[in-house]
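Here are a few exercises to work through with the coordinates open. Try each one yourself before reading the solution.

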Amino acid sequence: MTARTLISLLPQLILLLTALILLGINLIRGDDKRTHGWLPGVALVGLAGAVVAIVYLWTTTPPAPPHPILGKMLLVDPFALFLQLIAVAATALVIMLSAGYMRSRTADPGEFYALLLIACLAITLVTAATDLLMIYVSLEMLSITSYILTGYFYEDIKSTEAGVKYFLFGATMSAAMLYGMSLFYGIARTTNLVAIAQGLSGPETSLRGLVTPALIFLLAGFGFKIAAVPFHQWAPDAYEGAPTPITAFLSIGPKVAGFAVLLRTLLIALPHFYADWVILLSSISIITMIVGNLLAIFQRDVKRMMAYSSIAHAGYMLIGVACWTQGNPPGPFDGLSGVLIYLLAYLFGNVGTFVVIVALEEATGSCQIEDYAGLVSRSPLLAAAMLIFMLSLAGIPGTGGFMGKLYVFGAAINVRAYALAVAGIITSVIAAFYYLNLLRYAFFQPPEDMSPIPVSAGIKVALTITGLLTLVLGLYAQPFLQLAQRTAHCLNGAPF
Amino acid sequence: MGTNVLSIITFAPLLGALIILFIPREKEDWIRWWSIAISLVPLGLAFFVYGQVRSAPGQMWFQEAYEWVPAISVYYRLGVDGISAVMLLLTALLSTLSYFYSAFTIKERVKEYYFLFLLLETGMFGVFVSLDLILFYVFWEIGLVPMYLLIGVWGGERRIYAAIKFFLYTLVGSVALLLAILGVYFQTGTFSILEAAAAHPFADNFSLAALAFWGFFLGFAIKVPCFPFHTWLPDAHTEAPTAGSVILAGVLLKLGAYGFIRIVLPFFPQVFRFYAYNLPLIPILAVISMVYGALVCMAQWDLKRLIAYSSVSHMGYVMLGISAAAASLALERGHAALSTSAVMALNGATLQMFTHGIITGGLFFLVGIIYERAHTRDLRAFGGLASKVPYYYGITLVTGFASLGLPGLAGFWSEFFVFRGSFHIIPVFAAIGIVAVVLTAAYILWKVVQQMFLGEFQQSKWDAATHHAPLSDMTWWEKVTMWPLVIVMVLVGVFPSVIVALLNGATSALLLAVSSC
């Protein structure tokens, strides 16, 4: 283990250290109420440290492709760093949300922040994993912490039920994924992604016919993480029952991890099987967009609606994956940059929505859509923020969501995947219907209870960050797009 | 006053809106007068642009081009020719009058109201000055959200239904538009409207060109709205607050027609020609809009709904004029009389956009004025108002006559040009369409003039319908709102060249470029 290896793992080390410190503090002074006040602060400091480390690694990445580390288990390239940044930012926003929420709902929030940081650490590992074993281990690490966090309110029957459901479904999917990995090992006699590609490109492999079934098993695991149909059934229940800040985390964290491994596996290990997986992914994408958006219409609980909405967004991101073109220099409108920019827009828009949901839940104790009636009179700030986020999720220009949609639809037309573009366009209109429905309550319906809704400082900060970035991404997307394009370029094998 | 005059016009209302955010909510009068004041900036500049463009309306003036999102080759490109200059004038005038009228009628949530209205104004200006397809699309959609909220919050009884219907209908069109824009981009490699038009996308592949054509068509036809995509309009126009209806009918419908002229005709002349002449689907839809819209007006008893349907009918004239210009490409080239007719038809279409904006904007103000008093729009509740509110009667009479195309008023010239041009090119459709002119005269004279104003005023009927509402003639602010519109109607009616001169130069240049391909 060289010094360079350790430096490459700096973000992970910082996260791990912070998590351990949090656990330690909790062990020593967990009974003291005042401690709970500054636990989130410690976690945020740790996350800020991780951001600094990531930016440092990014700016010092040599122009040549970086070398894999730890026995070719991990590859810390700009692609990994880009996604790590999203994961860390999402976790930081979730922690800002959690402070007030957890204090009022549980007596011992100590492990909560430590677990969140470990989940974040797991995502950062997933983004860099280049070996099936590493992928499996880090995904499991993310899953297990997510199960616990979902069922964190063990006295609340809904939270417990959500945790157990999530766990049972997750365990099944991860078994399927492990089976798929074992098939790949059988075919290529290695678990390393690069080596698998080499093993599969030779003429002597008589087991090539097994690649597609193996891939389907693998997709079960990845699809579970990104909540793509038909591996999505856990999402509505888990989203509804989990503590709301954790719902926010579930809507972005596992997606980042899932897309990281999906892209790495497909593009590094299986580029020669493009023709096989592109059909598979296109179909999943179309079904996901349709099912997610249609079922979201019928939800009465905002968290459940957001669950289906997040399923639908996975479908849009999959358009970008399905429109990857081999060896095509990522110019304007390449699928890969589309996925990255969409993820970024989704991070701000979706987490921002959850900020509003948490603020409202703290005030009213409810997540029913009816209880958003008259939000504009009760808190103009929350209503205005909600407007921005809903418009972004619906893909209306001026917001980040539009840039994401424009880019992936452009990618689809670029490679003449008209079916994907048309399905995406039609389902966007369906999606607008339920986002507008929420706005209808917030703006047009008179409230039953006129009392103003208090908004805490942490929530205001989170709202400002997500709201501003949503608008900036919509109105001045150039730096973000440039970054996404260069990152995507380097995943395709080119220097950053 | 450098070359950024278009940016200033476009973003002055946005700046005004942002400043409103910092004015305290209680200072409602500050907000009202600030909005009116800031709207004078684009109004003044629109007159300046009008004066400049007059000298050579066929070329693009005040062009601006900056990098915006070069990563996907999106640029900030602006420019105006005679057509857009006229549209800027219309938008600025109606916006200022709307703010002025609203200052006396809107009492609730004044801050949000003006904030949204100014945002909407930026979106409308943006569409008329954009020379980049993505920029065009962004402005196109930005107007959608404020209008949705304006209808939904300040609208009538069925406002929520109308607001959502308006938003979703327009969104369906917009997404089709977006696909078509992307299709054009991957064919021509540019989002620039001028460059893409010069490249004639898909000129070698009729089926792909037709696909892109119908994508644009859907987006614009819903906005115009052209039959059978018009069903959102009566709901939205009827439920919107008065100033919202004025802007909807006066400007937002023109965005769709403008798209046909600025994008569809120059991009796909051959496909447009095919569907305007060989397989005349578009003239058929135009004529149906004209006649059907007028027939529905005959059957309406809700005054506001009647005016709304008259917009469907009148925007059909615009579509007829545009299709005639497209159809002329199918006939013998270089035929001087024919190209004169094509230019005339397009002049008529664009002039109709302007005059309809002024006249129908005025009619919606007038509906609002009577509704403020009666709190009903049922025509059967009225009768004999002429003796009670003579001033209101006079103004309504002039506006109504302008709407039915009485010579000497603005509406006459646009209808005359449309029919004069189309009769030479697509005579059958022009002949059927002329029925609409007769029907318009019928419903304006019978439904509006006779039902509302003529006959004996019956106090008991009025009291029963309006719950003893007091009836007074127009107030000073209502007069101030209406007079500029009446003046424009008469001015354009007597000297049509003040507007036509600009339009003619631009349409001639446009048709010349189109027919040379």
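**Exercise 1: a bent helix**

H1(B) bends by about 40 degrees at Phe11(B), with a proline, Pro13(B), following within four residues. The bend at a residue is the angle between axes fitted to the seven residues ending there and the seven starting there; helices (H or I, at least four residues) and strands (E, at least two) are DSSP runs, numbered from the N terminus. Before going on, note that this is a predicted model, where local features need pLDDT of at least 70, side-chain atom pairs count only at pLDDT 80 or more, and totals for chains, interfaces and linings use all residues. Residues are numbered from 1 along each chain as its sequence is written, chains are lettered from A and ligands numbered from 1 in the order in which they are written, and side-chain values use heavy atoms, leaving out hydrogens and water.

Task: check the span of H1(B), then find what covers its buried residues.

Step 1. The helix runs over residues 5-20 of chain B, and its 16 residues should span 22 Å at 1.5 Å a residue (that is, 1.5 Å times one less than the number of residues). The end C-alpha atoms sit 23 Å apart, which agrees.

Step 2. Buried means under 20% relative accessible area, exposed over 50%, partly exposed in between (1.4 Å probe, protein chains only). Buried residues of H1(B) include Val5(B), Leu6(B), Ile9(B), Pro13(B) and Ile20(B).

Step 3. Among the elements covering them are helix H2 (28-53), strand S1 (61-69) and helix H4 (110-129) of chain B.

**Exercise 2: the chain interface**

Step 1. Using contact (heavy atoms within 4.5 Å), take 33 residues from chain B and 37 residues from chain A.

Step 2. Buried area is the accessible area (1.4 Å probe) that two parts lose on being put together, summed over both. Here that's about 3200 Å², 83% of it on carbon and sulfur atoms.

Step 3. Ile72(B), Leu179(B) and Phe186(B) supply 18% of the area chain B buries against chain A, more than any other three residues.
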